[in-house]
Amino acid sequence: MRKYGWNSFKDLIFGNPAVVDQDPPVGDGAQNAERENWTSKREYLLSAIGYAVGLGNVWRFPYLAYKNGGGAFLIPYFVMLVVAGIPLFFLESAFGQFCSQGPINVWRAVPILQGVGVAMVLITTIVSIYYNVIIAYSLYYMFASFQSPLPWTGCLSWAGGNCSTTPKVSCNISGVLVVNWTQENTTCPSSSMQSPSEQYWDHVALQRSSGLDETGPVVWHLALCLLLSSIIVAAALIRGIKSSGKVVYFTATFPYVLIVILLIRGVTLEGARDGIEFYIGSQSNLTKLTEAQVWKDAATQTFYSLSIGWGGVTTLASYNNFHNNMFKDAFLITLTNAGTSVFAGFAIFSILGHMAHVYEIPVGEVVKEGFGLAFIAYPDALSKLPISPLWSVLFFFMLLTVGLDSQFGGIEVITTCLIDAFPEVFKSKRALLTIATCSILYLLGLPCVTQAGIYWVTLIDQFVASWVLLIVALLEVIGISYIYGANRFVKDIEMMIGQKSFGFWLWWRMCWFFITPCLILVILIWSVITFQSPIYGTVKYPMWGLVLGWCMIIFVVMWIFGIAVYKLFRAKGTPWQRVKALCRPSEEWHPYLDVHRGERYSEERCRHKEKPVRKRETNVNVITSSWL
């Protein structure tokens, strides 16, 4: 066993020479000219890293860390990464690369669960709607930063009567510690004052209404920024991975340059040490680890950040060469993603520490809710720095580039599934399909840029980007491990990366069979029991809004069971024969190219295996169409 462990370690670090010899160079006869491959390995890695490293790292992760005890949140986050994130990322990458298909067609491996693939595409579609809106916010703030002084520096004509630039004390109002922004007196007012950046976000950028009930008109400057975002995405994906693979050389690397610049500037500010202490030091709140919400946030952040359960990992991997070593890729991408989250947290919390120092309040009270971290706290802090427009432009340009990378992957999921399902219709019309997809998402995003738009964005984020991901990921790992069979899946992977020892696969079998599904199930049940209705700031959602949120979950999940029932009704034979037939891989489940199928998936072997099946179950009709 000690020998197996060492060989496995060598394979991981130095690679397997036998597999290297199998990996074909770009452009040889094994290249998938019919469906396309990445032009180079670098393009895949940058695309996958760019897809994973998005707003979830720069905006969502620091906010969740701030919300869930600072550095204490790193414990459940890395636990979830090791036992759920990496195993699921490896699983999805191998799943897509093996058959070179998108997240719907890969379920030819387990036809009864093809609805899981449909649910993934629906999640990606819904999330892409509001993700595009957040990119529009970044564009608007970036454009607004091209003026000196920054428009949210002081209380200008747009500000309300409760706007103030000078915080004096912290007041305990209704049990909640808030900032008293009064300039002249130090008594706690009946209603707290607001900073200029907060009022600019509410009154100028969003023109926010009083609640979800008050829709209001479309905010024209956000609608134009949303249009520009859609145009940029469509232009980058106009030729599929051939064009997006070139764009990511910039969009996936430049954010790191900007994070380093912002971090260097942040740590030189007074009070930055207090922010970093709250992030990973003595001010972390370890008691938060006893709360279900913290572990749920860690799990969903892992899925959200790595895009597990969205179909994007499977889609990007489906364009790899068959013998690409996706195992090493999975480690490189997931660890880069986690490292970026932690690294970006230093840049964020150094600024938060400075904000707390300026306002003379605890670090944990600087921001009230998620979007305020990127669009209230940071703009406010940057406005107080020398050459503030420069820092502001750099920050929002960073948000723009990391958001675009993730949006590229989301749109690629949708178009890939359509092309895989209807190649004769869409393959020659990829550009038109991409433009049509971006146009439809733009129109669907218009309600999110009305005066009530931020409430819609928050509602979608709270429901679709958390709950459903847990359900889909659970069914995915159960379907592959227990129905398709983890041992069979391991043999499929070994066809791509070469044979491995028993010791090599022991950990992955443990995760796929037991640890990962049990952990996801516990988090899901725990989260349901401790569920609390979402709010935006202090604004509560009406009952119909909460019902709509649950309806979005039902709409996504119902396809999983609906398609399974539909297939069972269409199949023939006894109920047990139908279930057995739909739990077996269809005839179309195999590597895309004949040269990679080998003995296990050769046409002669498949015909030989089908004969006894037809003899025993003469009336079984396995549905093997692309979608249903």
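Trainee: A crossing is left-handed if the near helix is turned anticlockwise from the far one by less than a right angle, and right-handed if clockwise. In which hand does helix 22 pass helix 23?

Mentor: This is a predicted model, and in it helix 22 passes helix 23 in a right-handed crossing.

Trainee: Which residues make the contact between them?

Mentor: Helix 22 contributes Lys 567, Leu 568 and Phe 569. From helix 23 come Arg 578, Val 579 and Leu 582.

Trainee: Changing topic. How many salt bridges does a search of the whole structure find?

Mentor: Nine. One of them joins the side chains of Lys 246 and Glu 43, at 2.8 Å from N to O.

Trainee: Where do Lys 246 and Glu 43 lie?

Mentor: Lys 246 is in helix 9 (residues 241-251) and Glu 43 is in helix 3 (residues 41-52), so the pair ties together parts that are 203 residues apart in sequence.

Trainee: Is Glu 43 buried or exposed?

Mentor: Glu 43 counts as buried because its relative accessibility is 2%. Lys 246 counts as partly exposed, at 46%.

Trainee: What about Arg 597? Which residue does it form a salt bridge with?

Mentor: With Asp 594, the closest N and O atoms being 2.8 Å apart. Arg 597 is buried at 11% relative accessibility, whereas Asp 594 is exposed at 54%.

Trainee: And Lys 288, what is its partner?

Mentor: Glu 291, with the closest N and O atoms 3.8 Å apart. The cut-off is 4 Å, so the Lys 288 pair qualifies. Glu 291 is partly exposed, at 35% relative accessible area.

Trainee: On to the backbone. Which peptide bond is cis?

Mentor: The bond from Ser 148 to Pro 149 is cis, with omega near 0 degrees. Pro 149 sits in the loop between helix 6 (114-144) and strand 1 (169-173).

Trainee: What is the phi of Glu 36?

Mentor: Positive, about 85 degrees, although Glu 36 is not a glycine. Glu 36 is in the loop between helix 2 (17-22) and helix 3, and is partly exposed at 24% relative accessible area.

Trainee: And the phi of Ile 387?

Mentor: Also positive, at about 55 degrees, and Ile 387 is not a glycine either. The loop that holds Ile 387 runs between helix 15 (370-382) and helix 16 (388-421). Ile 387 is exposed, at 59% relative accessible area.

Trainee: Last one. What is Thr 340 in contact with, leaving aside neighbours within four places in sequence?

Mentor: Val 53, Asn 57 and Tyr 256. Thr 340 itself is in helix 14 (residues 326-359), and counts as buried at 4% relative accessibility.

Conventions. Residues numbered from 1 in each chain as written. Predicted model: local features only at pLDDT ≥ 70, side-chain atom pairs only at ≥ 80, totals over all residues. Heavy atoms only, no water. Helix = DSSP H or I, 4+ residues; strand = E, 2+ residues; numbered from the N terminus. Buried < 20%, exposed > 50% of the residue type's maximum accessible area, 1.4 Å probe, protein only. Contact = heavy atoms within 4.5 Å.
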